[in-house]
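Dear colleague,

Please find the structure below, together with its sequence. My notes on it follow, and I would be grateful if you would read them with the coordinates open.

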Amino acid sequence: MPSRRDSHSPAGKSLLERGLLLLIVLVLLQGSVLPLGAASSPDTSHNDNLDNHQVTDERNNYTKKPFPVLALDYHHIQTPFEIALWVLLASLMKLGFHLIPRLSGIVPESCLLITVGLLVGGLIKLAGEDVPPVLDSRLFFLCLLPPIILDAGYFLPIRPFMENLGTILMFAVVGTLWNAFFIGGLLYAVCQIQPANPSILHNIELLPCLLFGSIISAVDPVAVLAVFEEIHINELLHILVFGESLLNDAVTVVLYHLFEEYSGAGKVTVMDGFLGIISFLVVALGGILVGAIYGILAAFTSRFTSHVRVIEPLFVFVYSYMAYLSAEMFHLSGIMALIACGATMRPYVEANISHKSHTTIKYFLKMWSSVSETLIFIFLGVATVDGPHSWNWTFVTVTVILCLVSRVIGVVGLTYVINKFRIVKLTTKDQFIIAYGGLRGAIAFSLGFLLDKNLFPMREMFLTAIITVVFFTVFVQGMTIKPLVELLAVKKKQEAKRTINEEIHTQFLDHLLTGIEDICGHYGHHHWKDKLNRFNKKYVKKCLIAGERSKEPQLIAFYHKMEFKQAIEQVESGGGVKMPSAVPSTVSMQNIQPKKAPAPAKPAEKAPSQLPKGREEEIRKILRSNLQRTRMRLRSYNRHTLVADPFEDGFGDLLIKKQKMIELEKKIKDMNNYLTVPAAPPDSPTMCRARLASDPQAFRTKPESDSVPTIQVDLASPQSPDSVNVMDEFRRAGQEQRGEEREDEQGLMMRPPSRPHRSGEAADGKDPQKLTRCLSDPGPSADEEEDEPFLP
Amino acid sequence: MGALQSSPGQPEYVDLAKKTGFSFSQISVLHKRFLQLSHNGETLQRDHFNSIPDLACNPIRSQIIEAFFDRRNFRQNGEGPVEEIRFEEFLVVMSHFKPPSPRFVEEQRERVRREKLRFIFNMHDTDNDGTITLDEYRHVVDELLSLSEALEKDTAKSIADAAMLEVASTSMGHMEPDEFYEGITFEHFLKLLKGFEIELKMNVHFSHMDTPTFFK
């Protein structure tokens, strides 16, 4: 899972600055406590004040008062102010932790945040005010949870998820059921065997115990995400635990509603159990269906957004949120709906939207989910201080112990069964991590909060126990999992970038395994995946992806994406980076091309200019005309196109271009037979899209080829090893003035790996100057999820 | 699994089991499939493979079929193609797709990894010279993309070139402009796909057959 934290701890920050920041944070804390505490019921008081104002206004017409120059009206803005203050507090806390690198290395962020929440809650209590009911269930389920789940669902690595789906489902469904019944049942048994003092435990019936068991048994996605993100464990384990935490929502919902319903009645019959199973299927499948429908709608909508690029991210967010709300409306599993929506729409939406929209979606999702997560943990701390507690040693300790025990037994038992069906078996180490990673979190707490006090008189005891379990798992397990991972030498996540060779071989392997399965006569995993892919390509892509890209094979999409990325990297790093890997190497295409036998006959006598005269002239004409068109483009900016016009910077560019033209002509004259990796053909849909995608008036090079029969210089064919990539030449010429070059005009192609002369090579290796980022991408950080191909 | 199980103690099976690592039930299932494919004959030829319907839409069909008839995959240090194979060779080729046992130590896993990568290398290296040249690699990419329509020829070439360049860069590091990179040797290939974890990916489940009737 990609890290959500892009900040680096400033190594050289002085103590003074740190102290200052901490001071500011503390002051803000104090400042925020008082107004937060003063909030009792914001809405009603607001309305009252409004009425009062109106009334007093009328009255004011009669008694003239001096005009108030400056007035304080807190109630007017109270609610949004408090919300903003909480969010600000959460973000400042996040900032603060990263100033203390050692601390954030030892203690996971979730623990620190809960501690902060405890502090804030304590401060509010000390100030004598009422702690606001922050972890209100509606707020939690409708506002705080969806961003996190959407972030997880949109960036879910589909391939490992699908490959391990059986295992994940087993853990999610059977594991959660086992946990719920085991904990609930044994708790009831323990509650009954209190001979000495007739405590309140005796009054707890079986059904409330089972309800409690079902609340506490579900692994929490928020907590898992928060903790696992920091330990960088290998992909398989991550997806197993994380997938389980997502998919067990359906089970939890059904069990919760089932037991809550019948707790009043006091009995559950077999019929009810049967209905429960049906209900589970409806909840799970219904949720997925709702999500998929909205996902397809979103994908379809994104097909038409080529002219209004600015609101593309909005569609993604709104459709997903609607999917969540629709599912919640029918009491289906909202989490599964959200996951299904995000996962369904992603491949198609990404093929349709511009690069900027993609970046926007990514960063907004990360931002919201990050803030949400922080707020959840802080609120957990605050609610702990506040919540009515009723501590019962037996109940709480038994709960904690039972949670651990049942988790271990469940995982071990299930793995034994699952390993019979898996090709790659789960080892003991894997099982330990899966068991240990079963963290509980805020969802359990909110579900407990939702309980009706009248039906469940022991609600407070439940809440206390839930909080204890949550604290235990987050603090103890969260803090110790990192050193345990190191100790057990569990395989970590591989950080390497995806290379094109790996991509080729992934595809190759897919087809190979499908073929072998067909030869064996075994309709296995690969067979169905292949069928699905073919169906997708034939029918679905045509509907949902706009234009040319629907036919683009995955390998090519990957290749173009890689090129694009490299081009951005080069633009940002000043053109010193070679392609494709960061390994500095002087190997170029020339070394790979097979030498023709007659060619070495007279190497030194080759005339410098290889292009026939006429062709040169044509090329020059084309380039000139392209430049002119670019200059003449409108430099307006309107909200509908959001053109990041790279040429907006003024006349300096015109001069640069002129210079470059002259350089290029000089270069064409004394051309070296330098082969470069050829660029994609200029009218390839991806290139056009990539080039200045948000601008509908992006210049097109295609019309030229009608009048002038060039540009399609056949680059890499063995017949003409001496041909040159015209575009690259132009770029290379431009690279000469690296100091002033500010953008990547001619689109995104692979840079020629070496220079005509060795001295230029040395100059390249020097410290490259940072160029302005014309394409306003915050940067190619080490995010690998982008390298995932669109479709598995 | 294995409702039609022949007596597990058959002597040929013992040999084969020891040689390939399959269990008896797996061998008997595969034997049944072999007989199905070869119309109860003793040997399989290329034509028999052509009659598997699902295989027809596989882009690398011909290479897969060739791999079955390639002596390099028979683990007998032979070379060159054959015209027909018996059940033993069929089984040996299939054994390349067995997953490594979870009890393997690191060096055994390494051995398995090498074997699997060797299989793929042999599939790419069609002229048996021990290196994958640019043309052969181009052919691989062409085949992979052969199913998609409306493809410009250049793109396939450029992908293969880029991939080759990558291999050369990572393996050779520094090359003079007039040096020539012959092709990907097996060692370079190993290095290239080191992070690929092929022993976890290149596996097929061998328990039972799903095709309800004979394939025709």
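What percentage of the 792 residues of chain A count as buried? The share is 54%, where buried means under 20% relative accessible area, exposed over 50% and partly exposed in between, with a 1.4 Å probe and protein chains only. Please note that this is a predicted model, in which local features need pLDDT of at least 70 and side-chain atom pairs count only at pLDDT 80 or more, while totals for chains, interfaces and linings use all residues. Residues are numbered from 1 along each chain as its sequence is written, chains are lettered from A and ligands numbered from 1 in the order in which they are written, and side-chain values use heavy atoms, with hydrogens and water left out.

The two chains

Chain A comprises 29 helices and zero strands; helices (H or I, at least four residues) and strands (E, at least two) are DSSP runs, numbered from the N terminus. Its accessible surface is about 35600 Å², and 66% of that belongs to carbon and sulfur atoms; such areas come from the Shrake-Rupley method with a 1.4 Å probe, and for residues only the protein chains shown count as cover. Of the contacts in chain A between residues at least 6 apart in sequence, 83% join residues at least 24 apart, contact meaning heavy atoms within 4.5 Å.

Chain B has ten helices and four strands. Read from the N terminus, its elements follow the order α-α-β-α-α-β-α-α-β-α-α-β-α-α. Of its 216 residues, 51% count as buried. The accessible surface of chain B is about 10000 Å², with 52% belonging to carbon and sulfur atoms. For contacts in chain B between residues at least 6 apart in sequence, 56% join residues at least 24 apart.

The nonpolar cores

The largest nonpolar core has 136 residues, and F140(A), L145(A) and F395(A) have the most contacts inside it. Such a core is a set of buried Ala, Val, Leu, Ile, Met, Phe, Trp, Tyr and Cys residues joined through side-chain atoms within 4.5 Å. Helix α11 of chain A (residues 235-265) gives the most to this core, namely 14 residues. Apart from it lies another core, of 73 residues, whose members include L513(A), F558(A), V141(B) and A162(B).

Beyond its neighbours within four places in sequence, L145(A) is in contact with F140(A), V222(A), Y324(A), I335(A) and I443(A). F140(A) is also among the contacts of S446(A), together with L135(A), S137(A) and F141(A), again leaving aside neighbours within four places. S446(A) lies in helix α18 (residues 442-449) of chain A and is buried, since its relative accessible area is 0%.

V227(A), in helix α10 (residues 221-231) of chain A, counts as buried because its relative accessibility is 3%. Not counting residues up to four places away in sequence, V227(A) touches S110(A), L439(A), G478(A) and I481(A). Its C-alpha atom is separated by 9.9 Å from that of V107(A), 120 residues apart along the chain.

Where the chains meet

Two packed helices are described by the angle between their axes and the distance between the axes. The axes of α20 (residues 500-520) of chain A and α2 (residues 24-37) of chain B come within 9 Å and cross at roughly 85 degrees; axes are lines fitted to C-alpha atoms, for helices over the stretch in contact, and angles run from 0 to 180 degrees between N-to-C directions. The two helices are therefore roughly perpendicular to each other, a term for angles of 65 to 115 degrees, with under 35 roughly parallel, over 145 roughly antiparallel and the rest oblique. D518(A), I519(A) and C520(A) of α20(A) make the contact with L30(B), R33(B) and L37(B) of α2(B).

H205(B) lies in the segment after α10 (198-201) of chain B. Setting aside neighbours within four places in sequence, H205(B) is in contact with F421(A), R422(A), I423(A) and H522(A). It is partly exposed, as its relative accessible area is 22%.

With kind regards
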